[in-house]
Amino acid sequence: MDFGAHVWRNGQLIKSEDAKTSLINHALHYGSGVFEGIRCYKTERGTAVFRLKEHMERLQYSGSVLEIKMPHSVQDLCQATLELLKANNLESGYIRPVACFGEGKMGLNPHGADIDVFIAAWAWGKYLSDDPITVGTSPWIRIHPKSLQADAKINGHYVNSIMSSQWAHNNNYQEALLLDYKGNLAEGPGENLFIIKDGEMFTPELGTILNGITRATIMELSEKELGIKTIQKTLTPADLLNADEAFFTGTAAEVTILKSIDGNQIGTQANEISGQLKQLYADVVEGRVEKYNDWLSYV
Ligand code: PMP
């Protein structure tokens, strides 16, 4: 896999082959880092990053939860991303900023370890399928909000997502769905969930889930463009089973429609509203809707 010729690390662009770290690295041992996943798209006006500032703000927020003192501002990180995309000559792809405790300290208190901040960017196509996907309910529940800070994107949290994803693939589902500790609907391993019933749209409330940037984007687009206001509330597995339509949202997954849950088809699969939102999202991220151009940072 080609991960791009350059990476940005601690304030400068360097060749990817020169980006090395010791095996005695705090984040490698304990997952003590925070990260983001961002996409850039090919548009008529060149490459554009979707909601770059919001992603870097969430990186700063996640860092503050883990007490990572970030030596770079949101603005600096946004600028660094655009420079990296130019250096890697990337038309469209995926951007992965990480801020972590690195070398210089072992033991569970990371205080004293180096803070390592880097951004990688590479070409990456569809994460899930363009067609509706089969989903299975994971036996692993979403992390408990009193064990960890569920709305921070902390590397170590993702073992929960990895194990759910492994379970899904071992059981021939295309993706997993995680319930929360009360047995209510939470989210996918890397996606938020929406359901549609009788023309109304619902999504699980915040608390145990990641506060997704695509989730917020879809709520805004559906209200402004389709006149559908999303209701954020507690949702049960039965709500999904009885839904007319359901879809996942995420930077990597974009809008991915659900075909079935645990082998049960969802609705009639006409997917009228989710189909419209999927198309609208693609039009917005690829710069075809002037009104939402503020969400794009051009390289
Ligand atoms: N939930 C989890 C657990 C995720 O990792 C992601 C991906 N960042 C999402 C939801 C979707 O968030 P976003 O739309 O900001 O990419």
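## Around the ligand

Sixteen residues sit around the ligand, and Tyr158, Glu187, Ile213, Thr214 and Thr251 come nearest (a residue is near a molecule if one of its heavy atoms lies within 4 Å of it). Keep in mind that this is a predicted model: local features need pLDDT of at least 70 and side-chain atom pairs count only at pLDDT 80 or more, while totals for chains, interfaces and linings use all residues. Residues are numbered from 1 along each chain as its sequence is written, and side-chain values use heavy atoms, with hydrogens and water left out.

Let's look at some polar contacts, meaning pairs of N or O atoms within 3.5 Å. An N or O atom in the side chain of tyrosine 158 is 2.5 Å from an oxygen atom of the ligand. For threonine 214, the distance from a side-chain N or O atom to a ligand oxygen is 2.6 Å, and a polar side-chain atom of threonine 251 also lies 2.6 Å from an oxygen atom of the ligand. On its own the ligand exposes 380 Å², and the protein buries 96% of that (areas come from the Shrake-Rupley method with a 1.4 Å probe).

Which elements give two or more residues to the shell around the ligand? They are helix 5 (213-226) and strand 14 (245-250); helices (H or I, at least four residues) and strands (E, at least two) are DSSP runs, numbered from the N terminus. The shell has 4 nonpolar, 7 polar and 5 charged residues. Here Ala, Val, Leu, Ile, Met, Phe, Trp, Tyr, Cys and Pro count as nonpolar, Asp, Glu, Lys and Arg as charged, and the others, Gly among them, as polar.

## The overall chain

The protein chain has 7 helices and 17 strands. Its C-alpha atoms fill a box of roughly 55 × 45 × 30 Å along the principal axes. With 299 residues, a compact globule would have a radius of gyration near 19 Å, and the chain agrees because it has 19 Å (taken over C-alpha atoms; the globule rule is 2.2 Å times the number of residues to the power 0.38).

## A pocket and a cavity

On a 1 Å grid over the protein atoms alone, a cavity is a set of points where a 1.4 Å probe fits but cannot get out, and a pocket is an open set with protein on both sides within 12 Å along at least five of seven lines; lining residues have an atom within 4 Å of a point. A volume is the space filled by probe spheres set on the points.

The second largest pocket holds about 280 Å³ of space. Of its 19 lining residues, Tyr41, Lys126, Glu254, Ala282 and Glu286 are closest to the centre. Helix 7 gives the largest share of this lining, 6 residues.

The whole structure has 1 cavity of 30 Å³ or more. The largest cavity has a volume of about 40 Å³, and its lining includes Lys126 and Glu254.

Terms used. Polar contact = N/O pair within 3.5 Å; in protein donor to acceptor, adjacent residues only side chain to side chain.
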